[in-house]
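Here is a friendly walk through a structure that may be new to you. Take a look at it first, and then we'll go through some of its details together.

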Amino acid sequence: MTTLRVLTVDDSRTILAMLHHTLSNAGFEVLQAEDGKQGLDMLKSGEFDVVITDINMPVMDGIEFIRHVRATGQHQSLPILILTTETSQDKRDQGKAAGGTGWIVKPFDPEKLISVIHRVVH
Amino acid sequence: MSDLDDFKATYFDECSELLTELEEQFAAIEAGERDAGRLNAVFRAIHSIKGGAGAFGFSALVGFAHAYETLLDYVRDGRIEMSDDVVTLCIRANDIVADHVKAAQTGEALPADYGMDEKARFDALARGESVAEDEEGGEPLEEFDIEFVPVMVHIEAAEDETHESDAFEAAPMAFEPGHWEIHFRPHQALYARANDPLLLFRELAALGEMSVRAVIGEIPALADFEPFAVYCSWEITLISPSLTEAMIREVFEFVDGDCDIAVAQLGGGLAPLDVAPAQSLPLEPGLSDLLALADDEVEALLDFALESAPVAEPAESVEEAPEPSFAALAETIKPSAPIAVARVPVEALKPATPVPESEDGERRNVGVQSIRVDLDKVDRVVNMVGELVITQSMLTQQMDETLRARYTELVRGLEVLAQTTRGLQDSVMAIRAQPVKSVFSRMPRLVRELAQKTGKKIKLETIGENTEIDKTVIEQLSDPLTHMIRNSADHGIEAPDLRTARGKADTGTIRLSAEQAGGNILIIVEDDGGGINRERVLQVARDKGIVAADVNPSDEQIDQLIFAPGFSTASEVSDISGRGVGMDVVLSNIKKIGGSVHVRSWTGKGTRMTLRLPLTLAVLDVMLVKVGGSPYVVPLSSIVETIQCSRAAFERVPSGGKVLQVRGEYVQVIDLAERFDMLTETEADNRFVVLCEAEGSHKVALIVDDIIGQQQVVIKSLEENFERVDGIAGGTILGDGNVALIVDVQGLKTTIMHKTAA
């Protein structure tokens, strides 16, 4: 069985570490970026099955990152999950408008995280 | 759980960086740089602290950070102006966040109402605005569930069927529990955001027994086919005893707004819903398998659509899309086919295997410029390099002249080894080195607070904040520096009117500087205040029995008295420098990291306190001496010269003590054998005097039995392995495996001074 490749984009080392732990325990291959810019570079360098991104980040924030990903034309069907502490519908709508597939509310529960990923990935 | 502990360690590490970042940002913001970049950085820092805190359930921290973050958000939006008051409030809020972080780290509970006043002020600031988001701060944060957002029930009226919604609401309640009917029609936007109906069906199938009917009556003739248009909708029944509407709604959570959806309980069994589907047309069973349609064909359409999608807003671009050729699709889709219906076996919808990987060879890891390493690991390397340095110096020492003459190649090799070892040592030390900035950056806030509390005008200048010191030294530096600056602000700088009366500017200056001086780092706290009131200091010292009545210390000795244990000149304990701890704490903290403190004062002009710190804590250049048959080491940096006892000019003082006369100066003599209760068999004349300089350029003459030579040693803490011993700074293991104690020159001197004084 092939391994799902996940790209996580977050400027918090704590969250990156937790994501890495949870996802690799679930058998995913995890690559990580610290901001949207780095995330875009990594998307250029390889294929991913799903992206999990934070919203508030330096250099390039999550919303802009998603817009860029969708704008490349190569990643139209790449599911992008937004990892956010924002519970407001407003932020969620912004993420969605940019082309986000779904969202995960921080703090995440490992089981829920995995199930949410399965909800958007074949 | 050790994983969690690891994450927590990462989190606290990150927090300390973020808090430093906050300090730096606010230093600039205070100086007037109120641009969006700084505000965003501040917002992100608080946001990250909050995010991690949520993960570990530090709810007090989350609550406060959330309120603070909301305020910052308003400031970013321009709803609240970044006035001086707001800046001051934010700086206070940073402290509260820092305290919460500390409390979370140590497990100590803060008062329940801690920071509530500030939180209330956030609210007050936001008053008049919508503070709806603030309410979220009180949410139960233990809740780890994915947020459930209620989905609006609304079926887009298809053709002339407009009554569904109403009918749903008015539906009679005699339903069999757990039998549900779902109508689902995706919009183009659903596909544009990489959602897929198939996955939704898979989720639903996991909830219960499912059957799906595809409504494809709207699929037009090929000529009219729009590649991005959505022609298909589905009617689904789902049966499971415990199934609730919320569970179904949750499946559609991500596609809320990107589809029309209706959910209703079935009247019983698989009886038709009393609401007609969008287009109720005759069934044509066997036309095609629903899955085949949902999966292969819809996907084929979708893929095609996606590939030819221009950019940015695929959902909007329907009209501009080129007319595609549908040769391949025409084979499978019969444009005239009104309906496709199929019973979908539940098994078929179970999670599919992941899509195959591609381009494995092209994958590479990118974006790694630095690594984070546990300090423990670095320490291990530092220790090993230290041992290597010692082995190397031992080897060099053991080369006698004959060997040197005979094996020139070996000697050369050893020289190269010595150089490489030293280089390796420097590089390893550099890994642990950090700019003192991280500590210095906390001081402006302190000075500001002190100025407020004392009503004085004080400005802080910092110099050399990029000077690097060992990380452990930096960590130990914060408290002493805080104390010293408090001392300067409280006792040093005069009140504005007094300053004016003395002909000085009414604003006092505290200058904090760092510089490297040889193997040491000098950190200097200097103020242009009134200087130390020596009469008063001496009086207090005599009153407290620190200095005997018949002893007349020099000015410098008096200045140094402020570091004596229990010494405080403040007539009443203020909450600034009082707090029950005096400058003696500074001294002991600094000594703990192998440093020393020296104070000099000029009456009416100011005070200068100098911290001398070792560049590294691990390796020390020493002189190896022998006392009573045992090896001791004296730090080389404190040694001025060595003299053979037979040539030394000792004199007796009336009290019976011995002093040494060196170039017209009388120096106190300490016989180490006597001091450490060792028996010495060496004749008095054959012994040596090691003239050392203790802090404040006070000299002390140590008498030892023999001098063996110079070398480097790796310091091992006595306190960690045994207990603190007066006059001993630590231990070390010599090249031959023997343990030698490191003489604490300053410590020896202090004990002696106390003896004399008492």
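## A loop residue in chain A

Let's start with Asp109(A), which counts as partly exposed at 26% relative accessibility. As for the wording, buried means under 20% relative accessible area, exposed means over 50%, and partly exposed is in between (1.4 Å probe, protein chains only). You'll find Asp109(A) in the loop between strand 5 (102–105) and helix 5 (110–120) of chain A. Helices (H or I, at least four residues) and strands (E, at least two) are DSSP runs, numbered from the N terminus. Thr22(A) is 87 residues away from Asp109(A) along the chain, yet their C-alpha atoms are separated by 9.3 Å.

Before going further, a word on what you're looking at: this is a predicted model, where local features need pLDDT of at least 70, side-chain atom pairs count only at pLDDT 80 or more, and totals for chains, interfaces and linings use all residues. Residues are numbered from 1 along each chain as its sequence is written, chains are lettered from A and ligands numbered from 1 in the order in which they are written, and side-chain values use heavy atoms, with hydrogens and water left out.

## Another loop in chain A

Asp61(A) sits in the loop between strand 3 (50–54) and helix 3 (62–71) of chain A. Asp61(A) is partly exposed, with a relative accessible area of 29%. Its side chain reaches the backbone nitrogen of Ile63(A) at 3.2 Å. Lys37(A) is 24 residues from Asp61(A) along the chain, and the C-alpha atoms of the two are separated by 8.4 Å.

## Chain B as a whole

Now for chain B, with its 24 helices and 23 strands. Chain B has 758 residues, and 47% of them count as buried. Its accessible surface comes to about 37,200 Å², and carbon and sulfur atoms account for 51% of that. Such areas come from the Shrake-Rupley method with a 1.4 Å probe; for residues, only the protein chains shown count as cover.

How much of the contact count in chain B comes from residues 24 or more positions apart? Among contacts with a separation of 6 or more, these pairs make up 73%. Here a contact means heavy atoms within 4.5 Å.

## Where the chains meet

His47(B) lies in helix 2 (residues 36–56) of chain B. Is His47(B) buried or exposed? It is buried, with a relative accessible area of 2%. The His47(B) side chain makes a polar contact with the side chain of Asn56(A), at 3.2 Å. A polar contact is a pair of N or O atoms within 3.5 Å; within protein, one must be able to donate a hydrogen and the other to accept it, and residues adjacent in sequence count only if both atoms are side-chain atoms.

UniProt, in an unreviewed entry, lists His47(B) for "modified residue: Phosphohistidine". Its positions are given in the numbering used here, feature names are shortened, and annotations may be inferred rather than shown by experiment.

## Salt bridges

Over all chains, the structure holds 34 salt bridges. The term means a side-chain nitrogen of Lys or Arg within 4 Å of a carboxyl oxygen of Asp or Glu. In chain A, Arg5(A) and Glu29(A) meet this way (2.8 Å, N to O). The pair links distant parts of the chain, with Arg5(A) in strand 1 (residues 5–9) and Glu29(A) in strand 2 (residues 29–33), 24 residues apart. Arg5(A) counts as buried at 2% relative accessibility, while Glu29(A) counts as partly exposed at 30%.

In chain B, Glu30(B) forms a salt bridge with Arg448(B), the closest N and O atoms being 2.3 Å apart. This one joins helix 1 (residues 2–30) to helix 16 (residues 443–454), and the partners are 418 residues apart. There's also a network of salt bridges that links Glu494(B), Arg499(B), Arg502(B), Lys504(B) and Asp528(B).

## A nonpolar patch

Finally, look at the surface of chain B, where Leu403(B), Tyr407(B) and Leu410(B) form a nonpolar patch with about 250 Å² of accessible area together. Patches are made of residues with over 30% relative accessible area and no salt bridge: like charges are joined within 9 Å, nonpolar side chains (Val, Leu, Ile, Met, Phe, Trp, Tyr) within 5 Å. Leu410(B) belongs to helix 14 (residues 408–432) of chain B and is partly exposed, with a relative accessible area of 45%.
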